[in-house]
Amino acid sequence: VATDSMLEYYSERAKNNGGLIVFEGTSPRRDFGCFPNQPILETKQQVEAQKKIVDAIHSNGSYAASQLLHFGRAVSPQLAKLFNIPFVGPSAIYIDEANKEAAKVEGVELKELSKDEIKDIVKEFADSAKRAINEAGFDFVEIHGAHMFLIDQFIQTSANQRTDEY
């Protein structure tokens, strides 16, 4: 849930700005992965907390964008275990040997996403974008497709060796 300190941070940056404030990377759903204390846009409480921030940004004359992401194989195996987050990717290819070893220690194996799981993720991105615009009041949404988050993983041969349409 977005915090009061986040509200203060974004409000300060919106003052006398008149430009665009890009709200930090947000997971549409808890099981899309996370950093510690990262905002999620899934529950009513989470949406309402982000709406307060968006309203403050707007009241200071700036625009607000929500940046939605899915970690895929970039989620920490320790957090995957701790928060019961699926450790998934386009293909079951670990980022590196250290990541593979951490997954082994934590007892979480990297799993290739099924076609149905991919379709569910796409649907959730769309549903979350609607929540961001229609409920939280963001002016637009960016689906984060860089920095080896899930969408980027699909276009990188180092992470995706599928032979189907994905």
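Let me start with a term: a residue counts as exposed when its relative accessible area is over 50%, and as buried when that area is under 20%. Please also keep in mind that this is a predicted model.

With that in hand, let's visit Asn37. You'll find Asn37 in the loop between E1 and H2. Is Asn37 buried or exposed? Its relative accessible area is 77%, so Asn37 is exposed. Its backbone deserves a look too: phi is positive, at about 65 degrees, although Asn37 is not a glycine. As a reminder, most residues other than glycine have a negative phi.

Now to the helices. Take H1, residues 4–14, and H2, residues 44–59: they pack with their axes 8 Å apart, at an angle of about 20 degrees. Angles under 35 degrees count as roughly parallel, and H1 and H2 are therefore roughly parallel to each other. Their crossing is right-handed.

Which residues in H1 and H2 meet? On the H1 side we have Met6, Leu7, Tyr10, Ser11 and Ala14, and on the H2 side Lys52, Ile53, Ala56 and Ile57. By type, that contact has seven nonpolar residues, one polar and one charged.

Some of those names come back in the largest nonpolar core, which has 26 residues. The residues with the most contacts inside this core are Tyr10, Phe23, Ile53, Ile57, Leu113 and Phe138. The elements giving two or more residues to the core are H1, strand E1 (20–26), H2, strand E2 (63–68), helix H5 (115–135) and helix H6 (150–154). There is also a second, separate core of twelve residues, including Ile85, Phe87, Tyr94 and Leu110.

Let me zoom in on Ile57. Leaving aside residues up to four places away in sequence, Ile57 touches Tyr10, Ala14, Ile21, Ser62, Tyr63 and Ala64.

Not counting residues up to four places away in sequence, Gln46 touches Val1, Ile40 and Leu41. Ser59 is also in H2, but at 60% relative accessibility it counts as exposed. Ser59 and Ser11 are 48 residues apart in sequence, with their C-alpha atoms 8.8 Å apart in space.

Thanks, everyone!

Conventions
Residues numbered from 1 in each chain as written. Predicted model: local features only at pLDDT ≥ 70, side-chain atom pairs only at ≥ 80, totals over all residues. Heavy atoms only, no water. Axes fitted to C-alpha atoms, helices over the stretch in contact; angles between N-to-C directions. Helix = DSSP H or I, 4+ residues; strand = E, 2+ residues; numbered from the N terminus. Parallel < 35°, antiparallel > 145°, perpendicular 65-115°, else oblique. Left-handed = near helix turned anticlockwise from the far one by under 90°. Contact = heavy atoms within 4.5 Å. Nonpolar A, V, L, I, M, F, W, Y, C, P; charged D, E, K, R; others polar. Core = buried A, V, L, I, M, F, W, Y, C linked by side-chain atoms within 4.5 Å. Buried < 20%, exposed > 50% of the residue type's maximum accessible area, 1.4 Å probe, protein only.
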